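Colleague: I have a model open and want to learn how to read its features. Take me through them one by one, please.

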Amino acid sequence: MGFVDERFSSPSLRALLALAVVFVMLATTGWTALHHSRGYTDPRTAAAASWLKGSVGGRHLPSPEAGADAVAHFFATLSPSQRQSLAARYPLVVGNLNGAPVSLRYQANRIALAAAETEQTTRSHSTLLTADGRQEAGRLANRYASLLSDGRQILAFDPTGRGRAAEVFGDLSTAKRISVVVPGVDTDILTFERTVKAYSSPVGMARSLYAAEQAAQPSAHTAVIAWADYVTPSGVGLDASTGELAEVGAKRLNALLSSLPASSQVSLFCHSYGSVLCGVAAPSLPGTGATVSDIAVFGSPGMRVQRASDLHTTARVWATRDATDWISDVPHLEFAGLGHGADPVSHAFGARVIDATGAQGHTGYFRQGTDSLANFTRIALGTYSSIRCATGADCTAGV
């Protein structure tokens, strides 16, 4: 009666079986979001079709997929009035166009946001919608109004589907050190920022990091990007357990990185499923433009590799997890495309493991007063010698 087959007695096989059970449960209880995002149209598709038929000064407009260098060269040949004309005519293209002048992108996205707010305000009063539909429209109108607040620098905006956005804190054009916050599941235009536990949203994370940088080094030329410009998984279902959305998002992230100032050092801060995306993006980080010097993952289910060396990047790889983060209960395995590989905070993975005391749970890493925020700030500023390592870790050797 107490017999256990020795084939299933090793910890790795038991974990593999546990993983299989989890995915069977997810697949049979209606929790999955496998098809939720499939068929999702690129946010610029409709606008890009019109853009490609347009012209300025008798010249054809470049493909939105031409690359940041080609786009930058094109805009450099235009007069200020021509640039502003394009932003007004094609805000959903110009506002999301890597290589276009940053200030012009901000301007274009204000135009697109204003139009979206007007549309959703009208829908919130429409008798053609259900009460739930009107309420949802009202929430979207409020979000767009918030993003239009004075002083906000919206680097990307697309209202299609669940919506995507990116926001800049600081002066991106003069920054010598740039941080990019890459969020995880259930991130969309409505969760881009929060009032309650603001530090758990992409905007709150970026704002907390930028404030900490300024407090530590007021004269430093830094910028932080809250980057929610990819389609994230909805819920902890099969989409969250595969790398499909991460692969698409990685291409978008690398396109952004290729457009950042060439003289800058970039640190990626990748939360939860965002760390999966950063793991997929790492081997293909742009060879020109800004240099990615650091990749920090936190609350990570894995980076789709077994060891940090498998990322094939020259960037320093940092990892942390608070003791109260539920992600530690997720099996860190990969089987038949499900799961994301080894635990980044494990000794065998080989990342530089840093302290996260005080983070409290899965989303508290940027909360003021935490060791995780203090360490992230040191990474962002490049003050590596003051980083606090996790107990038993030697995270700054060789830095």
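Colleague: At what angle do helix α10 and helix α11 pack?

Modeller: First, the idea. Helices (H or I, at least four residues) and strands (E, at least two) are DSSP runs, numbered from the N terminus. Axes are lines fitted to C-alpha atoms, for helices over the stretch in contact, and angles run from 0 to 180 degrees between N-to-C directions. Here, α10 (residues 244–259) and α11 (residues 273–281) pack at about 65°, with their axes 8 Å apart. The crossing of α10 and α11 is right-handed. A crossing is right-handed if the near helix is turned clockwise from the far one by less than a right angle, and left-handed if anticlockwise. Contact means heavy atoms within 4.5 Å. Among the contacting residues are Ala246, Ala250 and Leu253 of α10 and Tyr273, Val276 and Leu277 of α11.

Colleague: What kind of model is this, and how are residues numbered?

Modeller: This is a predicted model, in which local features need pLDDT of at least 70 and side-chain atom pairs count only at pLDDT 80 or more, while totals for chains, interfaces and linings use all residues. Residues are numbered from 1 along each chain as its sequence is written, and side-chain values use heavy atoms, leaving out hydrogens and water.

Colleague: Which way does α6 run relative to α7, parallel or antiparallel?

Modeller: Read the angle. Under 35 degrees counts as roughly parallel, over 145 as roughly antiparallel, 65 to 115 as roughly perpendicular and the rest as oblique. Helices α6 (residues 102–123) and α7 (residues 131–147) pack at about 155°, with axes 8 Å apart. That makes α6 roughly antiparallel to α7. Their crossing is left-handed. Leu113, Ala116 and Gln120 are among the α6 residues involved, and they meet a set in α7 that includes Ala137, Leu140 and Tyr144.

Colleague: Why do residues three or four places apart point the same way in an α-helix?

Modeller: An α-helix has 3.6 residues a turn, so residues with that spacing point the same way.

Colleague: At what angle do the axes of α4 and α6 cross?

Modeller: Roughly 30°, and the axes of α4 (residues 80–89) and α6 come within 8 Å. This crossing is right-handed. Arg83, Gln84, Ala87 and Ala88 of α4 make the contact with Leu104, Gln107, Ala108 and Ile111 of α6.

Colleague: How many residues of α12 are buried?

Modeller: Start with the scale. Buried means under 20% relative accessible area, exposed over 50%, partly exposed in between (1.4 Å probe, protein chains only). Nine of the 11 residues of α12 are buried, so α12 is largely enclosed by the rest of the structure. The buried ones include Leu373, Phe376, Ile379 and Leu381. Their cover includes β5 (177–182), α8 (202–216), β6 (222–228), β7 (265–271), β8 (291–298) and β9. Just after α12, Gly382 takes a positive phi of about 80°.

Colleague: Which residues other than glycine have a positive phi?

Modeller: Ser272 is one of them, with phi near 55°. Ser272 lies in the loop between β7 and α11 and counts as buried, at 7% relative accessibility. Gln360 also has a positive phi, of about 55°. Gln360 sits in the loop between β10 and α12 and is exposed, at 57%.

Colleague: How many aromatic pairs does a search of the whole structure find?

Modeller: The rule comes first. Rings of Phe, Tyr and Trp (its six-membered ring) pair if their centres lie within 6.5 Å; planes under 30 degrees apart count as stacked, over 60 as edge-to-face and the rest as tilted. The search finds 10 pairs. One of them, Phe366 with Phe376, is tilted: 5.1 Å centre to centre, 45° between the planes. Phe366 lies in the loop between β10 (352–353) and α12 (371–381) and Phe376 in α12, so the pair ties together parts 10 residues apart in sequence. Phe366 is buried at 1%, and Phe376 is buried at 0%. Phe269, Phe298, Tyr365, Phe366 and Phe376 form one aromatic cluster.

Colleague: Where does Thr320 lie, and what is it in contact with?

Modeller: Thr320 is in strand β9. Thr320 is buried, with a relative accessible area of 1%. Beyond its neighbours within four places in sequence, Thr320 has contacts that include Phe298, Tyr365 and Phe376.
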